[in-house]
Amino acid sequence: MFRARSPWVYFINTGSCNGCDIEVLAIQSPRYSAERYGVLRVGSPRHADVLVVTGPVTKRMEDRLTMIYEQIPNPKAVVAVGSCPTSNGIFDGGYSLTGPLDTVIPVDVYVMGCPPRPLNIVSGILKAAKMLDSRRKGKGGRRTARFDEAMSKETTVDLKFQSSDNVPGAEE
Amino acid sequence: MIASIVVALVYAFVAALLLQGIRRIVVAHSQFRKGPSIFQAFYDFFKLMSKESLTPNVTSPLLFNLAPILSVASMLVAALIIPLAASTSAVSVGDLIVVIYLLAIPPIALILGGSASGSPYGAIGAAREVALLIAYETPFIVAMVTVALAAGSFQLNTISATAWISVLPLAAIAAIWTLPAAAAVQPFDIAEAPTEIVSGPYVEYSGPNLALLQLGQWLKIFLYASLIAAVFFGTAIYHFQPAVNFVIQFAIIVLLVSAFIAFWQATSGRTRVTRVLKYYWTVPTMLAIIDLVLYLAGVRYMHFLFGWAGL
């Protein structure tokens with residue numbers, strides 16, 4: 001019962017046009033005030049319970065998305081906000097996409113709209129938070145096949161502290 | 001004695017978490033929002049306790065997992081030494097110096113945990129926590145030493161027999177002024193800074209470890225305010241039934257926290273790291289030192305000003 005009352009949310013934009021991000025920001029405003037349900041925006045995936053994803057998943061963001069998903073401690077839930085993570089939306093068929101969100105990570109709640117209204121996003125987060133109650137802590141470490149693949153190959157994502165000569169443009 | 005220890009620990013836990021709910025409600029209402037439930041901190045705490053705990057590969061696991069326990073344990077000891085809603089503390093072994101040292105342990109646990117987490121954000125947060133700790137401890141310790149000199153004792157039970165705000169008001173102002181920095185909320189949340197260095201020392205913590213680290217911080221806010229209440233407002237007001245005493249003390253703490261932490265938090269942005277040191281080492285430290293010097297010189301200005309009122 002405690003999990004449903006304090007969903008801490010981590011937002012990630014995987015190639016969205018920023019329309020949904022504006023609406024996601026609005027849920028913290030005095031008008032919609034998601035904090036009254038205990039919704040709190042956190043800056044680290046390790047603090048989060050609910051992952052809110054906007055945008056179709058681009059090839060660049062795929063590895064980063066799976067990595068962030070795996071870093072969220074169990075139990076966790078995923079909310080897809082907008083048409084894009086559900087069906088690629090108007091970007092469908094684009095050369096840089098790896099498909100809708102549910103082909104990359106498991107999705108629990110879809111919030112439709114282009115962009116969806118802020119209250120619908122709040123309602124989606126709360127639905128996902130209710131699902132957390134029935135999930136076990138140890139169970140359902142739903143590691144995706146794509147995550148193992150991303151971890152095994154030489155990825156561009158290096159979580160270690162990069163030295164300055166790795167940063168492009170640092171020579172100048 | 002066992003009963004009073006249990007009562008003090010349970011009261012400190014419940015009050016510290018309720019206080020966070022009240023603080024968030026006050027902040028939300030100041031910003032025309034509705035705010036969470038008053039029990040929100042309980043929901044957050046028990047939710048985090050029921051989650052998985054992750055330890056990153058690059059950490060030193062012992063230090064990383066020890067820091068949250070250290071933080072909570074030191075605060076539980078402090079809860080027994082500070083007089084909470086009674087004329088005496090639960091155990092009479094400690095004094096003011098022990099309490100001042102114990103209140104510095106949660107930040108030190110944050111520094112240890114942040115440094116051990118192997119994250120650059122954790123390291124930056126730990127460095128900032130050091131700066132913050134040095135900044136607000138100075139005026140606080142000078143104010144407390146002034147009171148101890150005036151009382152002629154470091155024993156909290158002896159000190160808190162008098163309401164020292166009526167004798168040393170400048171020291172009281174200096175001590176209360178350090179509350180927002182001790183609470184590490186908005187103007188002084190430089191070490192956490194969620195929008196800047198993603199929660200600093202907390203960044204790699206998850207689940208029960210995060211819950212304990214936050215509980216240590218919440219207990220610290222409550223006990224810091226309790227210490228200020230006990231020293232400057234005295235414990236002579238707690239001569240009713242125990243239940244009434246708890247309500248009186250909690251009301252004082254809520255007033256202190258709402259006025260000096262929550263309202264300030266709701267209406268200001270984050271300050272720069274370097275400015276905190278300058279801020280606390282000028283006016284609050286000077287106020288405390290003025291009171292110290294005047295007391296040592298034998299100037300009883302409150303008696304001079306308000307002698308007709310019997311002070």
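**Figure 1. A:Pro75 sits in a loop of chain A.** The loop holding A:Pro75 runs between α3 (59-71) and β4 (77-81) of chain A. Helices here are DSSP runs of H or I with at least four residues, strands are runs of E with at least two, and both are numbered from the N terminus. The peptide bond joining A:Asn74 and A:Pro75 is cis, with omega about -10 degrees. This is a predicted model, in which local features need pLDDT of at least 70, side-chain atom pairs count only at pLDDT 80 or more, and totals for chains, interfaces and linings use all residues. Residues are numbered from 1 along each chain as its sequence is written, while chains are lettered from A and ligands numbered from 1 in the order in which they are written.

**Figure 2. A cis bond joins A:Cys114 and A:Pro115.** Omega is about -5 degrees at this bond. A:Pro115 is placed in the loop between β5 (109-111) and α5 (118-133) of chain A.

**Figure 3. A:Asn18 and A:Ser33 have positive phi values.** Phi is about 80 degrees at A:Asn18, although this residue is not a glycine. A:Asn18 lies between β1 (8-13) and α2 (19-26) of chain A, in a loop. It has 12 C-beta neighbours inside 10 Å and so counts as exposed. The cut-offs use C-beta atoms placed from the backbone: a residue is buried with 20 or more others within 10 Å of its own, exposed with 12 or fewer, and partly exposed in between. A:Ser33 is not a glycine either, and its phi is about 50 degrees. A:Ser33 has 19 C-beta neighbours inside 10 Å, so it counts as partly exposed.

Figure 4. Along the sequence, the pattern is α-β-α-β-β-α-β-α-β-α-α. Of the 172 residues in chain A, 42% are buried. Take the contacts in chain A with a separation of 6 or more: 84% join residues 24 or more positions apart. Two residues are in contact if their C-beta atoms, placed from the backbone, lie within 7 Å.

**Figure 5. Chain A meets chain B.** The contact involves 17 residues of chain A and 28 residues of chain B. On the chain A side, four residues are nonpolar, seven polar and six charged. Nonpolar covers Ala, Val, Leu, Ile, Met, Phe, Trp, Tyr, Cys and Pro; charged covers Asp, Glu, Lys and Arg; the others, Gly among them, are polar.

**Figure 6. Helices α1 and α12 of chain B pack together.** Helix α1 (residues 2-30) and helix α12 (residues 242-266) have axes 9 Å apart and an angle of about 40 degrees. Axes are lines fitted to C-alpha atoms, for helices over the stretch in contact, and angles run from 0 to 180 degrees between N-to-C directions. The pair is therefore oblique. Angles under 35 degrees count as roughly parallel, over 145 as roughly antiparallel, 65 to 115 as roughly perpendicular and the rest as oblique. Among the contact residues are B:Tyr11 and B:Leu19 of α1(B), and B:Phe246 and B:Ile261 of α12(B). By class, this contact has 15 nonpolar, three polar and one charged residues.

**Figure 7. Helix α11 of chain B meets α1(B) and α2(B).** The axes of α1(B) and α11(B) come within 9 Å and cross at roughly 95 degrees. These two helices are therefore roughly perpendicular. Their contact has ten nonpolar, one polar and no charged residues. Helix α2 (residues 40-49) of chain B packs on α11(B) at about 145 degrees, with the axes 7 Å apart. Residues in this second contact include B:Phe45 of α2(B) and B:Trp218 of α11(B).

**Figure 8. The largest nonpolar core has 109 residues.** Such a core is a set of buried Ala, Val, Leu, Ile, Met, Phe, Trp, Tyr and Cys residues joined through C-beta atoms within 7 Å. B:Ala12, B:Phe222 and B:Leu223 have the most contacts inside it. Helix α11 (residues 207-232) of chain B gives the largest share, 18 residues. Leaving out residues up to four places away in sequence, B:Leu223 touches B:Ala12, B:Met75, B:Ala78, B:Ala79, B:Ile82 and B:Leu103. A second, separate core has 39 residues, including A:Val24 and A:Leu97.
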